Amino acid sequence: MKIGVFVCHCGENIGKTVDCATVAQRAAKIPGVAYSVDNKYMCSDPGQNVIKNAIREKKLDAVVVASCSPHMHEKTFRKAAADAGINKYLCEIANVREQCSWVHDNIPDATDKALDLVRIAVEKVKRNIPLTAIRVPVTKRALVIGGGISGIQAALDIANSGFEVVLVEKEPSIGGHMSQLSETFPTLDCSQCILTPRMVEVYQHPKIKLLTYSEVEKVEGFIGNFTVTIKKKARSIDEEKCTGCGLCIQKCPIKKKAFNEFEEGLATRPAIYVPFPQAVPNIPVIDRSVCTYYQTGKCQMCLKVCGREAILFEQQDTLVTEEVGSIVIATGYKLYSIDKKPEDSEIKGYGEYGYGKYKDVIDGLQFERIASASGPTNGEILRPSDKTQPKKIVFIQCVGSRDEQKGFSYCSKICCMYTAKHAMLYKHKVHDGEAYVFYMDIRAGGKMYEEFVRRAIEEDGVKYIRGRVSKIYRQNGKYIVKGEDTIAGMPVVIDADMVVLATAMVAQPNASKLAQTIGVPYDKYGFYQEVHPKLRPVEVSTAGVFLAGACQSPKDIPESVAMASAAAAKSLVLFGSDYLEREPTVAVVNEANCAGCFYCLKVCPYNAIEKKEVKNKLGEIIDYIAHVNAGLCQGCGTCNATCPSKSIELIGFNDEQIYAEINAFSESFV
Amino acid sequence: MIVGYYPGCSLTGTGKEYDMSLRKVLSLLDVQVEEINDWCCCGATSAHATNHLLSVALPARNLMLAQKQNLNELLAPCAACYNRLIGSKHEISHNADLKKKVEFVLEEDFNSSTEVINIVQLLQKVGKEKIKSLVKVSLKDIKVACYYGCLLVRPNAVTKFDDAENPTSMEDIISATGALTVEWNYKTECCGGAHSIARKDIVTFLSKNILDDAKLNGAHVIVVACPMCHSNLDMRQRAIKKLYPSHEEIPVLYLSELIGIALGLNGKELGINLHFVDAINLLQMVKAEM
C-alpha cells in the first residue's frame, strides 16, 4: 500500500508552532509512506491539486492530511481524494491544529506530537477499506408543528414548492400570538390584516393538510423517514357537517363563565366557541370543562339549534399517523405569568407589582387586546377595572427579562419595540394622556427600529425614564408607581391610572416534553437548541428537524418569518433528491456471535438497535439477537464499546484500526 | 418549650415594654425563655457602618455564648438584632477567610448550630391554635396594619422567611386573636431606622407616609416587631403633628402587646402606658383594662 502524507501550515496557525517541513520529512520514513510534502494552505485549490496530482502521479492508495479538525475540512480533502480516483474513506485527517499547534507553544515538542498524530493516522489508514455511502429514500412531505406566523410561513413555503405539508396546531385555530396583536412595529400595520390572508391561504392550499386542536404524540424514524403519531383532540363537532354558521355559539347559555384565552382573560366566552371571528378553520369547539351538558347531563342547546346535526357530544380523541421526511418545529412562546411563582422554581416573581391583584396592572398581550379594534373594548383604550380612559399610563420594560435575581438572564428582545408601539398607540388614541416608559436600555436594533422609538419619544411625546420600578400600590384610586430615575439620580413617583408590564417571553410550558418526543436539545429555559448559533441556526442535532420562530429564542415577527423560510428551505434541500446519502460508518452486528443480551439496546442514544428474530427451519422463533437500523445509527460507537462478546463492529473504526492507532502512539514512548 | 433569649440593647431601654410584654405573653404560652449570659451588643448600625469585621464578630460571640448554653433556638425579638445575628452567621458560613478572621478575634472555633428566630417565627412554632385556645378578649372589632419594616424579612436569601415583597406571616398569627388585618401598601417600606438621630426630617417624612397609608386603609392600630420601627412610628408622631397639623394620631403596638391584650393582660402589665401615642381608645374598643 502506498500512502501519501500532506502537512498543512494553515498559514501561521500550524506553521508557527509546528515545524511542518520536518514533519513531512520524518513522515516519509514511516513504513508504508511513499510520498510526503508540506504546503502553506492545503485546503486552497492549489493545495488540493498537490494532493490530487500526487495521487495520480505517485499512484497512491491512501492519503493522510495533517491539518485542522476533521469537522472543518475532512469533507474537502475526501472529495479531493475521490476526484483523483481513490475511495474517499481512504483519506484520514491528523488534527495538528486544534489538538496540537493551538494548544502548545514549544516548537520541538509540538513538532514531535504532530508527527505522532501523523503516524497514528497512517496506521489507521493502512487498515481502512473502501466504503460506499448508505442510500436511504426520502419521503417528500413535511410536518410543521405550530400554526403561528412561523408555522404558517414554513408550511406555505414548502407547499408552494409543490410538496405536501401536515400542519399541526394545538389550539382550535391557527394564527398564534400574531392574531392577538393590534398593530405591528415598525410600520404600524394591522396585524390581523396582514395575517388572515395567509391563514386562509393555508386553509385552502391543496398541498396543506391542516390538523387543528391536535398535538404531536410520538415521533419515530429518522431523517427522510419519520412516522408521526398525532392526537386529534375531540372538538365535539363533526368537522365535515359544520358550516360555521355560529348559531350554536350565539345560543349557548354559558356566556360569562369561561376564561377567554384569546382575549387574555379580559373577556369571557361561551362553552362552545371559536377563538376569534377570523378563526381558521371556522369550526367551533366545546370546552367540556365549562359546558353544562358535560357537567350536569342537561342543556344540549347547541344540538337543538344546529341545523346540520354537527354536534357530537360523544366524540373521542383520535390518533392519526403521518409519514414525513422533515419536521419544522414552530411552537412559539408564552408570556411569563408574573403573578404565579412556579413551584420548585428559582423564579421569584414580582409580587411588588401587584399583577393579578390589581385589575389595571396588565401585561403586553392584554394591552394588545385593549388596543385592538376587534378586542373587548373595540380598540378604545379603557382600563379593565372600571372601563374608564386612563389619563396617565406607565409601561415597565424588562419585567422578568435581564433579571437574574427574579427572572431570567436573557433579553426578550421584542419588548423595547412593542412598548414603544404601545405608548405610541396610546398617545394616538388618548391625545391628552401622559405615557411613561421605565427602561434599562433601549435595544432597538433592526431596520427602522431606532427611528420608530425616536418617533415615540420625539413626535408622540412619550416620556422615557431610565430606571427600575420598585413597587406599585393602590392609593386613592390611583396606582402609585415608585421607581428610580437613574439619569437624574432621583426617586420618581407616578400616580398612574393603568400600568402595562412588558413581561419576559418564555418557552412553552410543555416545550421540554415535545423536545424529548422528537429528540431535540433545549437550553435551561426550555428554548430549543440550534446546532450552531451562527452557521446552522435552524438545524438541530437530530437530522431532518428544523426550528422556526420563538421556540428557539425570543423573536419578533420579521425574524420569525425569515427563520421559517430558512427552515422551509432546509426541508426543500432534503426533498431535492430522491435518496439521502448517509455516512457508512455505522455499527453492524456479527449475528453468529451475538448472545442477545441487549446491553447495546440500553445504551444506544439514538434508538437504533432493534431486536431481530432468529427462526429455526420450521419458521418458529427460537431466539432474538441485536440488529442495527443503519438509518438511525449515528456511528457513535457506544454499543461497540459496551458489547461483552465483541459482536458489534463500527465500520471504519473497528477494533483492529483502533488498536493499530494505540500501538502507533505507544511507539513514541519507546 | 425552652428558647434562648437575646434581648439586645433596645429591650433594656427604649423598648423595655417589648421585653415586659414578651416575657408575660410567652409565659402564658408555656414558652420558657433563657437569657444568654454575658451577651453583648449585636453591632447594629454603629458597628456595621464602621467596621465590617467587628459587625460580624460581635454577633458571632453572642451565637457562641448561646451554643455554650446548649440552646437550639435563639429568639432575637429586635429585628435589627435578628438581622445581625442571622446575617453574620450566613456570612461566616459562606466565606472561609472571614471565618478565620472571626475565629482569631473570638479566640475560639466558630461552630454555631443555634437557629436564630424572630418573634413571628417563635409564635408560628407555638402555633395559632394554642394562641386561639388562650384568647380571653376577642379583638374582632379592631383592624390591624401589620408593619414588617425592612429587616424582618430581608434579605430573603439570608432570612429564608416569608415573602420579601409581600409578607403575610404576622397577619396569619394575628388572625388567632380575632382581629382583622388590613391590606395596605407600606408594610415593608423603610421607616428611616437609625437616621432618627441625625436626620429627623427624613424619618418624620418616611414615618408619616407609613402612618397615613395604614389609616387610609382603615387600620385602628399598627403592629410592629422591631423597637426601632416602634420608636420612629410612635415617638415621631408629635413632630409629624407639628409639620402637618391635620395628622391624626394612630397607636403603634408591639406584636406581643396586641397578643397580650387578647390573652387578658392589662395595659400596664404590657407597658402600653409607656407609649407616646395613647392607646386608651383602642383598649376601650375591645373593653380591655389599661
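This is a predicted model: local features need pLDDT of at least 70, side-chain atom pairs count only at pLDDT 80 or more; totals for chains, interfaces and linings use all residues.
Let me begin inside chain B, with helix H6, whose buried residues are Ile119(B), Val120(B), Gln121(B), Leu122(B), Leu123(B) and Val126(B).

Stepping back to the domains of chain B, the assignment gives domain 1, covering 2-119, and domain 2, covering 128-285. The C-alpha centres of domain 1 and domain 2 of chain B lie 23 Å apart, and the contact between them takes 24 residues from domain 1 of chain B and 27 residues from domain 2 of chain B. Which helices supply at least two residues each of the side of domain 1 that touches domain 2? In chain B these are helix H1 (16-28) and helix H4 (79-94), and H1(B) gives the most to that side of domain 1, with nine residues. Sorted by class, the side of domain 1 of chain B that touches domain 2 has twelve nonpolar, nine polar and three charged residues.

Now let us turn to chain A, which has 17 helices and 34 strands. Its C-alpha trace spans about 90 × 75 × 45 Å along the principal axes, and of the 670 residues of chain A, 44% count as buried. If we take the contacts in chain A with a separation of 6 or more, then residues 24 or more positions apart account for 70% of them.

Chain A also has four strands that form an open sheet, in the order S2-S1-S3-S4 and with parallel pairing. Why is one side of strand S2 (33-39) and of strand S4 (91-95) of chain A left without a neighbour in the sheet? The reason is that these two strands stand at the edges, so each has a single partner strand. Here neighbouring strands are turned by 15° against each other on average, again with direction ignored. Strand S3 of chain A, residues 62-67, runs parallel to S4(A) and is joined to it by five bridges, and within this pair Ala66(A) stands opposite Ala94(A) in S4(A).

Helices pack on this sheet as well. Helix H1 of chain A, residues 20-27, touches strand S1 (3-8), S2 and S3 of chain A, and its direction makes about 175° with that of S2(A). Helix H4 of chain A, residues 107-126, touches S1, S2, S3 and S4 of chain A, and its direction makes about 160° with that of S4(A).

In soluble globular proteins, nonpolar side chains tend to be buried together. The largest nonpolar core in this model has 133 residues, of which Ala155(A), Val328(A) and Val499(A) touch the most other members, and its largest share, nine residues, comes from helix H11 of chain A, residues 415-429. With its neighbours within four places in sequence left aside, Ala155(A) is in contact with Val144(A), Val165(A), Leu167(A), Val202(A) and Ile208(A). A second, separate core has 90 residues, including Val25(B), Val116(B), Ile250(B) and Leu255(B).

Finally, how many residues does each chain bring to the contact between chain A and chain B? Six residues come from chain B and four from chain A, and the residues on the side of chain B divide into one nonpolar, two polar and three charged.

Conventions:
Residues are numbered from 1 along each chain as its sequence is written. Chains are lettered from A and ligands numbered from 1 in the order in which they are written. Two strands pair if DSSP finds at least two bridges between them. Axes are lines fitted to C-alpha atoms, for helices over the stretch in contact, and angles run from 0 to 180 degrees between N-to-C directions. Two residues are in contact if their C-beta atoms, placed from the backbone, lie within 7 Å. Ala, Val, Leu, Ile, Met, Phe, Trp, Tyr, Cys and Pro count as nonpolar, Asp, Glu, Lys and Arg as charged, and the others, Gly among them, as polar. Domain bounds come from an automatic or database domain assignment. A residue is buried if 20 or more other C-beta atoms lie within 10 Å of its own, exposed if 12 or fewer, and partly exposed in between; C-beta atoms are placed from the backbone. A nonpolar core is a set of buried Ala, Val, Leu, Ile, Met, Phe, Trp, Tyr and Cys residues joined through C-beta atoms within 7 Å.
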